[in-house]
Amino acid sequence: LIYLLRAYEVRLPAYYDGVMVISPGIQEALGGGEITLDGADVGLFKPLNPVQRLKIRRALGIRPQDKVVIFHGTIEAHHGQQLMPLIVGMAPELRFLIVGGGPGFPALESALRGVSNAIVLPFQAPARVARLVGAADAGMVPYAPNEGLDLVFTLKLLEYFSLGLPVTCF
């Protein structure tokens, strides 16, 4: 079955004028295509050694014993904008590292300003995001349940799992 699905995927793009792919590996398998920034660069999401991890945490003001939960991505109404402040408030024993941007980012940043267990950073380069994820203890995907999200596979799950992080997902 996997062989048949792969054969279908590899041959299907030939019927279109163009194709967008999410990784160099897929681009190679298809024999071309334009890489979109909407994908996970699997080459970046690799575990950090303890020294690298400690250095990043120290630069963020995070103690070695703190448990850090990370979210990265676009902040919108359906991407945790209202949920994240509630989650952060419900777990004062955790540190939350939120790296984001998008239309809801200013409101989220404002809502979490001065909250001691939240660190909110604007979008970062993908390589920097991968290192920040590597310094965390868990990932979260705080998207409220909705029919649209039932139809997607969130790449954040792959990124967090590739680093061995447990993930909380709604």
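A: One term before we start: a salt bridge is a side-chain nitrogen of Lys or Arg within 4 Å of a carboxyl oxygen of Asp or Glu. Also, this is a predicted model.

Q: Okay. How many salt bridges does that rule give?
A: The count comes to four.

Q: Which residue forms a salt bridge with aspartate 66, with the closest N and O atoms 2.7 Å apart?
A: That is arginine 63. The two side chains also make a polar contact, at 2.7 Å.

Q: Where is arginine 63 found?
A: In the loop between helix 3 (50–59) and strand 3 (68–74). Aspartate 66 has its place in the loop between helix 3 and strand 3 too.

Q: Is aspartate 66 buried or exposed?
A: Buried, because its relative accessibility is 9% and the cut-off for buried is under 20%. Arginine 63 counts as partly exposed, at 48%.

Q: What about arginine 95, how do the side chains meet?
A: Aspartate 66 and arginine 95 meet in a salt bridge, 3.5 Å from N to O. Arginine 95 is in strand 4 (residues 95–101) and aspartate 66 is in the loop, so the pair ties together parts that are 29 residues apart in sequence. Both aspartate 66 and arginine 95 are buried.

Q: And Arg57, what does arginine 57 form a salt bridge with?
A: Aspartate 137, with the closest N and O atoms 3.3 Å apart. Arginine 57 lies in helix 3, and aspartate 137 in the loop between helix 6 (126–134) and strand 6 (138–141), so this pair ties together parts that are 80 residues apart in sequence. Arginine 57 is buried at 2%. Aspartate 137 is partly exposed at 23%.

Q: Which residues are linked in a network of salt bridges?
A: Arg53, Arg57 and Asp137.

Q: Which elements give two or more residues to its lining?
A: Helix 1 (2–11), strand 1 (20–21) and helix 2 (24–30).

Q: What is the lining of that second largest pocket like, by class?
A: It has nine nonpolar, no polar and two charged residues. The lining includes Arg6, Glu9, Val10, Leu12 and Met20.

Definitions and conventions
Residues are numbered from 1 along each chain as its sequence is written. This is a predicted model: local features need pLDDT of at least 70, side-chain atom pairs count only at pLDDT 80 or more; totals for chains, interfaces and linings use all residues. Side-chain values use heavy atoms; hydrogens and water are left out. On a 1 Å grid over the protein atoms alone, a cavity is a set of points where a 1.4 Å probe fits but cannot get out, and a pocket is an open set with protein on both sides within 12 Å along at least five of seven lines; lining residues have an atom within 4 Å of a point. Helices (H or I, at least four residues) and strands (E, at least two) are DSSP runs, numbered from the N terminus. Ala, Val, Leu, Ile, Met, Phe, Trp, Tyr, Cys and Pro count as nonpolar, Asp, Glu, Lys and Arg as charged, and the others, Gly among them, as polar. Buried means under 20% relative accessible area, exposed over 50%, partly exposed in between (1.4 Å probe, protein chains only). A polar contact is a pair of N or O atoms within 3.5 Å; within protein, one must be able to donate a hydrogen and the other to accept it, and residues adjacent in sequence count only if both atoms are side-chain atoms.
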